[in-house]
Amino acid sequence: MRTEATGYPIERIRADFPALQQRIGAYPLVYLDNAATSLKPQSVVDTVCRHYREESANIHRGVHHLSQKATEAFEGARDKAQAFLNAARREEIIFTSGTTGGLNLVAHAFGAGLKAGDEIILSTMEHHSNLVPWQMLRDRTGCVLRFIPITDDGQLDLAAYDAMLGPRTRLVSVVYVSNSLGTVNPVARIIRAAHAHGARVLVDAAQAVPCRPVDVQALDCDFLVFSGHKVFGPTGVGVLYGKYDLLDAMPPFLGGGDMILSVTLERTVFNALPNKFEAGTPHIAGVIGLGAALDYVRGIGLDRVAAHEEGLRAYATALLAAIPGVRLYGTAPEKSAIISFVLEGVHPHDIGQILDSRGVAVRAGHHCTQPVMQRFGIPATARASFSMYNTRAEAEQLAEAVRAVKEMFA
Ligand SMILES: Cc1ncc(COP(=O)(O)O)c(C=O)c1O
């Protein structure tokens with residue numbers, strides 16, 4: 001058995017996650033479904049509980065003590081998200097319901113400025129949440145969608161991308177880290193090329209922020225979205241980052257309370273950023289919990305997490321690749337610790353179920369990326385996705401369980 005790199009505080013990190021302390025039947029839980037959602041550290045659980053226990057009140061409009069405390073905590077989380085992404089201004093951080101919420105917001109509000117014939121470039125490896133809102137926008141406006149193809153090893157075909165860019169390109173919306181192939185896309189290069197043509201770029205960073213430092217100013221992206229629940233925070237909450245001038249020029253998405261300065265029966269004066277895009281009572285506890293999650297990852301250090309996960313990726317990939325009949329999908333040189341595979345003669349759902357009976361949690365299916373499955377001519381894969389708290393011993397348990405599946409079906 002290989003151990004973790006020296007100096008990485010794996011035992012302390014594991015102790016912070018209460019869900020890891022449980023057994024599934026006779027087996028200790030081996031949680032390898034992190035690309036779907038991450039487990040939560042005790043500090044996040046405590047922060048959410050404390051909010052409901054001690055300061056459960058609505059924000060912004062209250063003059064009383066509890067409302068002020070909740071508002072402070074909520075706006076404090078905005079400062080944390082700003083620091084986490086290195087955004088230039090706190091008003092550039094919009095709280096959403098998640099990656100899907102952020103993508104729909106941009107598709108509506110930025111999309112309101114698009115007209116028939118304008119082009120949006122997406123890629124073939126997008127999550128459905130970065131495809132469907134743009135198809136809906138296309139159907140409303142007549143704009144044109146173009147798709148960057150995927151190479152056999154699961155990279156974006158950048159030559160094809162460069163050839164797609166042109167005077168009609170208004171937006172490029174791409175995933176940073178693919179949730180089904182694990183590919184880490186060269187988003188800085190993609191952004192530079194788009195900007196050279198005057199196009200804006202939206203980055204889907206749902207799978208990137210839990211495993212690598214993301215700096216929106218260094219990337220120079222125009223928009224970036226992520227979900228709280230994949231970065232050790234609560235479900236139902238996320239962040240949209242947008243450059244101030246762009247967000248300021250966009251019309252609101254949802255109308256309602258908090259996004260207004262004044263309302264008459266005839267008309268409304270909209271609020272300034274960020275409130276203009278935060279209509280209604282938000283997921284207050286979720287946002288505050290997300291702030292605690294961002295504190296937690298910053299405390300560990302995303303550089304260290306990235307190095308740890310790279311070790312896990314290389315080790316688990318080698319173990320799985322050594323099993324006869326295993327085929328890996330997504331073998332790009334730049335990869336995160338998301339490993340999609342099939343086993344000859346066995347449906348991925350059967351793999352998932354048998355692994356579960358041995359305490360190993362993986363996901364089986366199309367991972368909300370049906371066009372990726374179509375590209376590779378398969379209906380589904382089994383996907384093991386590693387996180388900061390996983391170990392090499394767990395990679396070995398995964399490989400042992402896959403060998404057991406193979407024997408059962410032999
Ligand atoms: C790359 C990517 N984009 C978008 C999403 C959608 O995230 P959510 O369901 O949290 O909105 C996911 C979730 O799996 C994802 O992996």
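Domain bounds, as used here, come from an automatic or database domain assignment. The model is predicted.

**Exercise 1.** State which segments make up domain 1 and domain 2, and how far apart their C-alpha centres lie.

*Solution.* 
Step 1. Domain 1 is built from two segments, 10-40 and 301-409. Domain 2 is 45-299.
Step 2. Between the C-alpha centres of domain 1 and domain 2 there are 28 Å.
Step 3. The two domains touch: 39 residues of domain 1 and 37 residues of domain 2 take part in the contact.

**Exercise 2.** Find where the ligand sits and describe the shell around the ligand.

*Solution.* 
Step 1. List the neighbours; among them are Thr99, Thr100, His127, Ser129, Asp204, His229 and Lys230.
Step 2. Sort the shell by residue class: 8 residues are polar, 2 are charged and 2 are nonpolar.

**Exercise 3.** Identify which atoms of Thr99, His127 and His229 lie by ligand oxygen atoms, using a cut-off of 3.5 Å for N and O pairs.

*Solution.* 
Step 1. Thr99 uses its backbone: an N or O atom there is 3.5 Å from a ligand oxygen.
Step 2. His127 uses its side chain, with an N or O atom 3.4 Å from an oxygen of the ligand.
Step 3. His229 places a polar side-chain atom 2.7 Å from a ligand oxygen.
Step 4. Of the 390 Å² of accessible area that the ligand has on its own, the protein covers 85%.

Methods:
Residues numbered from 1 in each chain as written. Predicted model: local features only at pLDDT ≥ 70, side-chain atom pairs only at ≥ 80, totals over all residues. Heavy atoms only, no water. Near = heavy atom within 4 Å. Polar contact = N/O pair within 3.5 Å; in protein donor to acceptor, adjacent residues only side chain to side chain. Areas by Shrake-Rupley, 256 points an atom, 1.4 Å probe, with all protein chains shown as cover. Nonpolar A, V, L, I, M, F, W, Y, C, P; charged D, E, K, R; others polar. Contact = heavy atoms within 4.5 Å.
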